[in-house]
Amino acid sequence: MVFSSLTFLFAYLPAVLAVYFLVPFRFRNLVLLVVSLFFYGWGEPVYILVMIFSILFNWVFGRLIGQYRDSDRKKAQTCLAICIALNLLLLGFFKYFDFLADNLNALGIMFLKPLHLGLPIGISFYTFQAMSYPIDIYRHDTNPQPSPVSFGAYVTMFPQLIAGPIVRYRDIADMLENRRETVDKFYEGVIRFVTGLAKKVLLANSAGLVFDTVNSLSFEQSSVLTAWLGIIFYAFQIYFDFSGYSDMAIGLGKMLGFDFLENFNYPYTARSITDFWRRWHMSLSTWFRDYVYIPLGGNRRGLARQLINIMIVWLLTGFWHGASWNFVLWGVLYGAVLIIEKLFLLKQLEKAPGWLCHVYTMIIVLIAWVLFAFTDFSDVLNYLGMMFGHASAFANIYTLYFLRSHLALLIICALACTPVAKSRFNFLKDRSFALAQPLLVLLVLAACTAFIVDASYNPFLYFRF
Amino acid sequence: MKKTDQKQKQIRMVVTGVFCLFIFALSVANLFAPKKDFSENENRMLSPFPSLSARNILLGDFDTEFETWFADHFIGRDDWIMRKASLRTDFGAIDNNGVWLCRDHRLVSQFLTCDYENVEKNISYLQEFSEENDMTLNILLVPTAAYGEKKYLPLAAANVDEKALLERIGESLGNQNFIDISDDLLSVNDAYFRTDHHWNEKGALIAYQVICKEVLGRKPENFTYEDVSDSFRGSMYSRSGAFWTPADSIYRIIPEYDIPVTVTFEDGRVMDTMFVDEHLQEKDQYTYYLDGNHGYVNIKTGNANGRKAIVVKDSFAHILLPYLAQEYEEVEVFDLRYYTESISEHIDEENREKTDIYVIYGLDTFCSDNYLSIFW
């Protein structure tokens, strides 16, 4: 079940809100755990077992580490190692086993067979979340959670279960015990959720459709400009999809009384790739910084070691995004650019005019999205080729079509990538027309519903069986 | 200061209320809204409630089945779909769900791209069939409305260059009798339904006249028309979501010298007309012509000239056959999507000179069709 579905909006969410606010506070974590497990098991009920297993061993090891961390460092260390290994094993098995098997088979080593298991939803996110817990206890950054129910509610919490943000236990430990659900907070949650829903349904899905159409064109119809337009729309799709999900997660969290950390900060306004990655999927970057980069020594062991550490982090970041070589390459590309910026480019960029920095950043980002968009390497080369001249024209009637029919979408997307829209919206609060905000919320909700219903529209053109 | 705080507080309450009301009211209304089994607009059965068996829930597709059911029966479904279409046009879109929204309330299917490899494949199947049976094929590929109605298209509507595509196909089929009606089609004002992807009785008449001239070498018959329906809302109407578009008319095609016909379908059903009035009460009124899609149809006429036609076709031929059948004593009609036996067997060895083979397809279906491989 995704947030942008009729089932979620008009069955699951109202039911959950009703139950959640009807029960007294001390049962709310339990309610949260139960409804989250339902949410999780909706697609693959058997995987609830994987989730419960994950909750239980992380909780047990968290307690053990808490018990030994002061008295017996060695034991605590062993517990931590086992716990991390179990987490990685789960993730590795479900996400990377087939990749490993396929690659070994391609090399002629035949002892593994791909299993073609479905990926448990959100496993990349929740294993990372869960792992932060024993590590933080070990480092004295937080204390063990006495209640398995509260801990379970943290791991499965449906708002951020499927697409983040990756919430560290220490960031919401207090809120699990005492949080206050207020109208003000609920209001903020509504605004945030509706914003996210609009980003996902109205912008990301529409932009995605444009990119798909560009991709369906044959060589005869291709052009350089269309290819660039296509990848720009893909960039919009990815950003609004992902940040829309984060917005919805943060919004739902607020409705339930939680404050999650921000995950995006207008990444497409970045002035360098270094800047871009401080603004894009911040919870993941923070996770890798705290739990991989710094433990590897970060920048404290000399430049050479630091560069290696950067490369390791980016290899892993790429691989985390998907079990396929194009994602690894995507990560490596970013690692390389970040190293170049660190070595000298960043200093040059500081002196360069602002527009040049933006253009430079966006070109790198767009090229990287091509790597991200296609799992097949020949498709990547093909598309890059089109962008850099290997097309049947520079521009043609198709370019004109994409521009004309989607001009409004293009402009709205571009504006929505900047803080402009938000400041405009806040401006509405101060106007004398008090109904502007509620009216806008209502219109956007209705528009989103219309688009979601339409997506299920499936006219059967010729005949009836 | 205090007053604005008060006001802010009120706004927050209202926004919260609006949101809750929206999701709760719609959820409840949806729960109690009447459900239907068939969607007129989509021309399909709506999905049933999924099986609640433990097996289906634990290991089956209960989740997706439930979500499909939920969406299929969502309250005010058609209204939402129309809202979405109109919202898109408000924001300057010239198309919705693959349909160009044209001037004069015309809805035209997009023909954005074409799989040239598949075209080559289909051409080679035709060639093989022709060689195998030692017969020259009369091939008529009807351009889509995106070509025939291009003067109504919005600016920047990008489509495959159908003229060039036809020429390309015509060249590859040089040894066959390739009938190109693209220029003639542009000579009439509206050769296509406004709300359907098919051509109409005017377009088909053009093709009939060209066939008379080029294939049969004789003067075409005259026809009159009777308006039998003004409520045809076709496939493009459904797909576009532009439910504000006015309906089309359907015409019965009446030859000047009426001759008796006997139409027999693959299941043995017999009619004495090529038109089915009952279908005028349904959504897809194009099935008025020749009862819609059938794997095999046999038409015998009172025109005792001993001539026979074999027509391999898609639905574009249905409205052409009332004209074309006048020229033959017998017409055998095959739709390869449903007909799986050999067509070659239907070529009467002793009567080869008096037999014409036609291949009649909409150009876009011909390009994407995957059934021609089973030609013989």
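How many salt bridges does the rule find across the interface of domain 1 of chain A and domain 2 of chain A? The rule finds two, a salt bridge being a side-chain nitrogen of Lys or Arg within 4 Å of a carboxyl oxygen of Asp or Glu.

## Ground rules

This is a predicted model, where local features need pLDDT of at least 70 and side-chain atom pairs count only at pLDDT 80 or more, while totals for chains, interfaces and linings use all residues. Residues are numbered from 1 along each chain as its sequence is written, chains are lettered from A and ligands numbered from 1 in the order in which they are written, and side-chain values use heavy atoms, with hydrogens and water left out.

## Inside chain A

Chain A is assigned domain 1 (6-178) and domain 2 (185-416); such bounds come from an automatic or database domain assignment. Taken over C-alpha atoms, the centres of these two domains of chain A are 27 Å apart. Their contact (heavy atoms within 4.5 Å) takes 35 residues from domain 1 of chain A and 33 residues from domain 2 of chain A. About 2,900 Å² is buried between domain 1 of chain A and domain 2 of chain A, with carbon and sulfur atoms giving 76%. Buried area here is the accessible area (1.4 Å probe) that two parts lose on being put together, summed over both. On the domain 1 side of chain A, F99(A), F128(A) and P165(A) supply 20% of the area buried against domain 2 of chain A, more than any other three residues.

## Chain B against chain A

Chain B is assigned domain 1 (13-75) and domain 2 (107-374), and the C-alpha centres of those domains of chain B lie 40 Å apart. The contact between the chains takes 69 residues from chain B and 64 residues from chain A. Chain B and chain A bury about 6,000 Å² between them, 68% of it from carbon and sulfur atoms.

Four salt bridges turn up across the interface of chain B and chain A. R168(B) and E220(A) meet through their side chains in a salt bridge at 3.8 Å, N to O. The count of residue pairs in polar contact between chain B and chain A is 16, both at pLDDT 80 or more.

## A look at W314(A)

W314(A) sits in helix α13 (residues 303-321) of chain A; helices (H or I, at least four residues) and strands (E, at least two) are DSSP runs, numbered from the N terminus. W314(A) is buried, with a relative accessible area of 10%. Buried means under 20% relative accessible area, exposed over 50%, and partly exposed in between (1.4 Å probe, protein chains only).

Leaving aside neighbours within four places in sequence, W314(A) is in contact with W277(A), G331(A), V332(A), Y334(A), G335(A) and L338(A). W314(A) and G331(A) are 17 residues apart in sequence and 5.0 Å apart in space, C-alpha to C-alpha.

Note on methods. A polar contact is a pair of N or O atoms within 3.5 Å; within protein, one must be able to donate a hydrogen and the other to accept it, and residues adjacent in sequence count only if both atoms are side-chain atoms.
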